[in-house]
Amino acid sequence: MTSNKSAFRMGLFMLLIMRVSWVSAQDRFQIELIIFGQDMPTTELFDQTRSGIQWPSRVVEVSALAQAATEQKSLSHVYATLSRYSTYQPIAHYAWIQAIDVDSAGDAVRIQDAANVLDGFFQLERGDFLTVTLDLEYQPDPERFFRLSESRRIKFDEDHYFDHPKFGVILKVKGER
């Protein structure tokens, strides 16, 4: 009887070790975003005159995170394709590595381009599902700007599209091992 209990405990201990090592291997994510302007006809009225971004208490600059190498980017062909069409104006292409603990939200990452037409943040939450929160503002000229604010559940290694009549975001999140 004692040997059965010992074997059971040893098996349980091994499963626990495997679970911990698997979770640790899943803590790092590669996040890739493409943001682009688009001039689609719309009947919607946009009268936003000041920022409406709901900033989280902690925000890190995207430049403070480990950047993904060029060969690791899987959306480069999408950025190149958008560049070929006059309807779309690629604004930015980011790819970074971020560690996120189980059952928690990662740091919000500030997304801001060099031309100052884009500002806002991205945040990934890891629970039973992956949840992305985007709150971005696009200001193509000094007199108007547009906001895209959305939270959505996503799946790993799939392309996700966030749409606004005046700009869009393509996102891919991959787990790192």
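This report describes the strands, nonpolar cores, aromatic pairs and salt bridges of a predicted model.

## Strand pairing

Strand E1 has two antiparallel partners. With E4, the pairing runs over 11 bridges, and within it Ile 31 stands opposite Trp 96. With E11, E1 pairs over 9 bridges, and here Phe 36 has Gly 168 as its bridge partner. E1 is also mostly covered, since 10 of its 11 residues count as buried.

E7 and E8 run antiparallel and are joined by 9 bridges, with 3 residues between the two strands of the hairpin. Gln 123 faces Thr 133 of E8 in this pairing. E8 then pairs with E9, again in the antiparallel sense, over 10 bridges. The hairpin that joins E8 to E9 passes through 2 residues, and Asp 141 has Arg 144 of E9 as its bridge partner.

## Nonpolar cores

The largest nonpolar core holds 30 residues, and those that touch the most other members are Ile 35, Trp 96, Ile 111, Phe 122, Leu 124 and Leu 171. Two or more residues come from each of E1, E4, E6, E7, E8, E9 and E11. The element that gives the most is E8, with 5 residues. A separate core of 6 residues lies apart from this one, and its members include Ile 34, Leu 75, Leu 82 and Ile 170.

Leaving aside neighbours within four places, the residues in contact with Leu 171 include Ile 31, Leu 33, Leu 75, Phe 122, Val 132, Ile 154 and Phe 162. The contacts of Leu 171 also include Glu 32, Glu 158, Asp 159 and His 160.

## Aromatic pairs

The model contains 6 aromatic pairs. One of them is formed by Trp 96 and Phe 122, in an edge-to-face arrangement with 5.5 Å between the centres and 85 degrees between the planes. Because Trp 96 belongs to strand E4 (residues 88-99) and Phe 122 to strand E7 (residues 118-126), this pair ties together parts that are 26 residues apart in sequence. Both Trp 96 and Phe 122 are buried, and both are among the residues that touch the most other members of the largest nonpolar core.

A second pair, between Tyr 138 and Phe 167, is tilted, with 5.4 Å centre to centre and 45 degrees between the planes. Tyr 138 lies in strand E8 (residues 130-141) and Phe 167 in strand E11 (residues 167-175), so that distant parts of the chain, 29 residues apart, are linked. Tyr 138 is buried at a relative accessible area of 10%, and Phe 167 is buried at 0%.

## Charges over rings

Two arginines lie over the faces of phenylalanine rings. Arg 152 is placed over Phe 162, at 3.9 Å from the ring centre. Arg 153 is placed over Phe 129, at 3.9 Å from the ring centre.

## Salt bridges

The model holds 7 salt bridges. In one of these, the side chains of Asp 107 and Arg 58 meet at 3.0 Å, N to O. Asp 107 is partly exposed, with a relative accessible area of 28%.

Asp 119 and Arg 110 form another salt bridge, at 2.8 Å, N to O. Arg 110 counts as partly exposed because its relative accessibility is 22%. A further salt bridge joins Lys 172 and Asp 159 at 3.4 Å, N to O. This pair links distant parts of the chain, with Lys 172 in strand E11 and Asp 159 in the loop between strand E9 (144-154) and strand E10 (160-163), 13 residues apart. Lys 172 counts as buried at 13% relative accessibility, whereas Asp 159 is partly exposed at 47%. Asp 159 is also one of the residues in contact with Leu 171.

Note on methods. Residues are numbered from 1 along each chain as its sequence is written. This is a predicted model: local features need pLDDT of at least 70, side-chain atom pairs count only at pLDDT 80 or more; totals for chains, interfaces and linings use all residues. Side-chain values use heavy atoms; hydrogens and water are left out. Rings of Phe, Tyr and Trp (its six-membered ring) pair if their centres lie within 6.5 Å; planes under 30 degrees apart count as stacked, over 60 as edge-to-face and the rest as tilted. Helices (H or I, at least four residues) and strands (E, at least two) are DSSP runs, numbered from the N terminus. Buried means under 20% relative accessible area, exposed over 50%, partly exposed in between (1.4 Å probe, protein chains only). A charge sits over a ring if NZ of Lys or CZ of Arg is within 6 Å of the ring centre and within 35 degrees of the ring normal. A salt bridge is a side-chain nitrogen of Lys or Arg within 4 Å of a carboxyl oxygen of Asp or Glu. Two strands pair if DSSP finds at least two bridges between them. A nonpolar core is a set of buried Ala, Val, Leu, Ile, Met, Phe, Trp, Tyr and Cys residues joined through side-chain atoms within 4.5 Å. Contact means heavy atoms within 4.5 Å.
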